[in-house]
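Student: Could we go through this model together, one question at a time?

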Amino acid sequence: MLYGVFLQVPLNQLKNSFKNWKFARVSASINFIFNPLLAFVLGFFFLKDTPALWIGFIMLMVTPCTDWYLLFTGIARGNVPLSASILPMNLILQLILLPIYLLIFAGTIATIDSALLVESVILILFFPFSISLLSKIAAPRMKGEYWLEEKIFPKLDHVQFSFLNLAIVSMFASQGEQLIQNPLILLKLLTPILLFFVIVFIFGQMIGRYLGFSYQDTASLNLTTLARNSPIVLAIALTAFPDEPLIALALVIGPLIELPVLGIISHTLLRIRKGWLHEDDEVA
């Protein structure tokens with residue numbers, strides 16, 4: 001699944017991430033400084049009596065999305081090309097920073113086996129990432145320049161979706177006993193997850209207006225800093241924390257809350273767009 005995700009990230013467009021330097025800088029600051037700190041604080045207030053859920057919550061919130069945020073950006077009439085341009089930057093930064101975040105934040109909550117963590121990151125992230133790079137180099141030489149884009153990428157979306165569903169079903173099947181024994185887990189996670197999205201949404205709106213971004217760019221900023229990358233951290237959790245099923249369970253429950261929230265936010269942005277356009281007309 002992750003191989004498919006990495007294969008479709010246009011790393012050759014990495015330099016485009018920095019063409020709009022102001023947007024890239026603000027987006028990266030929110031995703032990789034503000035969001036991790038906010039996740040740690042919210043976890044402290046709401047999840048400190050359940051360290052495994054706290055760690056799972058932090059893992060979910062420190063990894064920005066690399067795929068479906070573009071769908072919600074399009075729904076909200078945001079700047080999709082701008083959002084897509086920072087995708088390679090987000091991927092590279094989270095690959096580098098995820099183990100650091102876990103050692104810093106999760107290490108203050110529970111004892112972390114750093115050797116197992118590094119092994120998990122190499123196995124789950126860097127191995128498929130490296131194979132995807134080799135595929136991008138070899139495929140054009142063997143099959144033609146556009147073979148991946150024309151023949152493979154259209155099929156990958158369906159395959160990845162199937163694998164993601166399989167992973168979620170497997171998680172609920174394997175952790176069903178944990179969920180039955182802890183039926184309030186969903187409610188326990190609901191408050192910090194909703195607060196996270198509300199705070200980041202409002203903060204993104206304030207920053208976008210303060211910096212003079214257009215509606216389209218502000219909507220893109222909102223959704224690139226709100227959507228999370230649950231498949232990556234779920235894979236890490238299953239490998240790095242095999243004796244802590246609540247961590248993985250938190251990462252399965254998180255997206256079940258996240259997806260409808262992103263849908264609501266997309267339509268909220270459309271309402272904001274009407275007011276924004278009205279304000280622009282008045283100024284004109």
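Student: Which residues does Leu226 touch, not counting residues up to four places away in sequence?
Tutor: This is a predicted model, in which local features need pLDDT of at least 70, side-chain atom pairs count only at pLDDT 80 or more, and totals for chains, interfaces and linings use all residues. Residues are numbered from 1 along each chain as its sequence is written, and side-chain values use heavy atoms, with hydrogens and water left out. Taking contact as heavy atoms within 4.5 Å, and leaving out residues up to four places away in sequence, the residues that Leu226 touches are Phe197, Val200, Phe201, Glu258, Leu262 and Ile265.

Student: Is Leu226 buried or exposed?
Tutor: Buried means under 20% relative accessible area and exposed over 50%, with partly exposed in between, using a 1.4 Å probe and protein chains only. Because the relative accessible area of Leu226 is 0%, Leu226 is buried.

Student: What separates the C-alpha atoms of Leu226 and Val198?
Tutor: Along the chain, Leu226 and Val198 are 28 residues apart.

Student: Why does Ser27 count as buried?
Tutor: Ser27 touches Ile86, Leu221, Thr224 and Thr225, when residues up to four places away in sequence are not counted. Ser27 counts as buried because its relative accessibility is 0%.

Student: Which residues in helix 10 do Leu53, Phe57 and Met61 in helix 3 meet?
Tutor: Helices (H or I, at least four residues) and strands (E, at least two) are DSSP runs, numbered from the N terminus. Leu53, Phe57 and Met61 belong to helix 3, and the residues they meet in helix 10 are Ile185, Lys188, Leu189, Pro192, Ile193 and Phe196.
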